[in-house]
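Biologist: Please take a close look at one part of this model. I would like the helix packing and the aromatic rings that go with it, in one connected account.

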Amino acid sequence: MSLKTPRELWQDYCLVAPDVRERYGLSAAISYVVGEKLMTFAQTAEADEAFRAELPAFCAKIRRLFTSVEIEAYFEAAERHSRVESDLFKDASAEEAADLREMLEDAKRDRERRTWVKAMLTQSGS
C-alpha cells in the first residue's frame, strides 16, 4: 500500500464534502473539511514543504465548495468556541496549573494557525 501525496489527500477530503453536506448539513461538512482536515493539513505544512506547497490549491478548492459567508461564519464560531474562561486557574493545584499553561499554549498556536488559514481562505482574487 502506497502513501497518498498531499494533493491526493486534500482532493479526497474535498471529494466527500458535498456528500457530507447533503447527508449531515453545512455545519458538519465545513467542520470536517476546514476544521478538521484543512487545519491538520496546515499544521503538517508548518514542517513539511510538500504540504505547504499544496495549501493554496486546497484553499482554492474549499472556496469553490463553500461561500465566503459560510467560511467566515465557520471561523467566527470557531473563535467563539476557543475562548478561555478567565477563572481557569482559580483553585488549580500547581500540577493542574502547569497542565493548564500547556493547554493554553496549544490553544494559542491553534488560534494563530486558524488566523493565517482564514486569511488564506478569505483572500480576494484567488
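Modeller: The crossing of H2 and H3 is left-handed. This is a predicted model. The axes of H2 and H3 lie 9 Å apart and pack at an angle of about 160°. Over 145° counts as roughly antiparallel, and H2 and H3 are therefore roughly antiparallel to each other.

Who makes the contact? From H2 come Val 33, Val 34, Lys 37, Leu 38, Phe 41, Ala 42, Thr 44 and Ala 45. From H3 come Phe 51, Arg 52, Glu 54, Leu 55, Phe 58, Cys 59 and Ile 62. By class, the contact of H2 with H3 has 11 nonpolar residues, 1 polar residue and 3 charged residues.

Now the other partner of H3. Helix H1 covers residues 6-24, and helix H3 covers residues 49-65. Their axes come within 9 Å and cross at roughly 20°. Angles under 35° count as roughly parallel, so H1 is roughly parallel to H3. The crossing of H1 and H3 is right-handed.

On the H1 side, the contact residues are Pro 6, Arg 7, Leu 9, Trp 10, Tyr 13, Cys 14, Ala 17, Pro 18 and Arg 21. On the H3 side they are Ala 50, Phe 51, Glu 54, Ala 57, Phe 58, Lys 61, Ile 62 and Leu 65. The contact of H1 with H3 divides into 13 nonpolar, no polar and 4 charged residues.

Phe 58 is listed in the contact of H3 with H1 and in the contact of H3 with H2. Phe 51, Glu 54 and Ile 62 are also listed for H1 and for H2.

Next, the rings. A pair of aromatic rings is described by the distance of the centres and the angle of the planes. The count comes to 5 aromatic pairs. Take Trp 10 and Phe 58. Their ring centres are 5.8 Å apart and their planes stand at 15°, so the pair is stacked. Planes under 30° apart count as stacked. This pair links distant parts of the chain: Trp 10 sits in helix H1 and Phe 58 in helix H3, 48 residues apart.

The cut-off for buried is under 20%.

Phe 58 also pairs with Phe 41. That pair is edge-to-face, at 5.1 Å centre to centre and 80° between the planes. Planes over 60° apart count as edge-to-face. Again the pair links distant parts of the chain: Phe 41 is in helix H2 (residues 26-45), Phe 58 is in helix H3, and 17 residues separate them. Phe 41 counts as buried, at 2% relative accessibility.

Ring pairs link Trp 10, Tyr 13, Phe 41, Phe 51 and Phe 58 into a cluster. Trp 10 belongs to H1, Phe 41 to H2 and Phe 58 to H3.

Last, the setting. The chain has 5 helices and 0 strands, in the pattern α-α-α-α-α along the sequence. Buried residues make up 32% of its 126 residues. Among contacts with a separation of 6 or more, 68% join residues 24 or more positions apart. The C-alpha atoms fill a box of roughly 45 × 35 × 30 Å, taken along the principal axes.

Technical notes:
Residues are numbered from 1 along each chain as its sequence is written. This is a predicted model: local features need pLDDT of at least 70, side-chain atom pairs count only at pLDDT 80 or more; totals for chains, interfaces and linings use all residues. Side-chain values use heavy atoms; hydrogens and water are left out. Axes are lines fitted to C-alpha atoms, for helices over the stretch in contact, and angles run from 0 to 180 degrees between N-to-C directions. Helices (H or I, at least four residues) and strands (E, at least two) are DSSP runs, numbered from the N terminus. Angles under 35 degrees count as roughly parallel, over 145 as roughly antiparallel, 65 to 115 as roughly perpendicular and the rest as oblique. A crossing is left-handed if the near helix is turned anticlockwise from the far one by less than a right angle, and right-handed if clockwise. Contact means heavy atoms within 4.5 Å. Ala, Val, Leu, Ile, Met, Phe, Trp, Tyr, Cys and Pro count as nonpolar, Asp, Glu, Lys and Arg as charged, and the others, Gly among them, as polar. Rings of Phe, Tyr and Trp (its six-membered ring) pair if their centres lie within 6.5 Å; planes under 30 degrees apart count as stacked, over 60 as edge-to-face and the rest as tilted. Buried means under 20% relative accessible area, exposed over 50%, partly exposed in between (1.4 Å probe, protein chains only).
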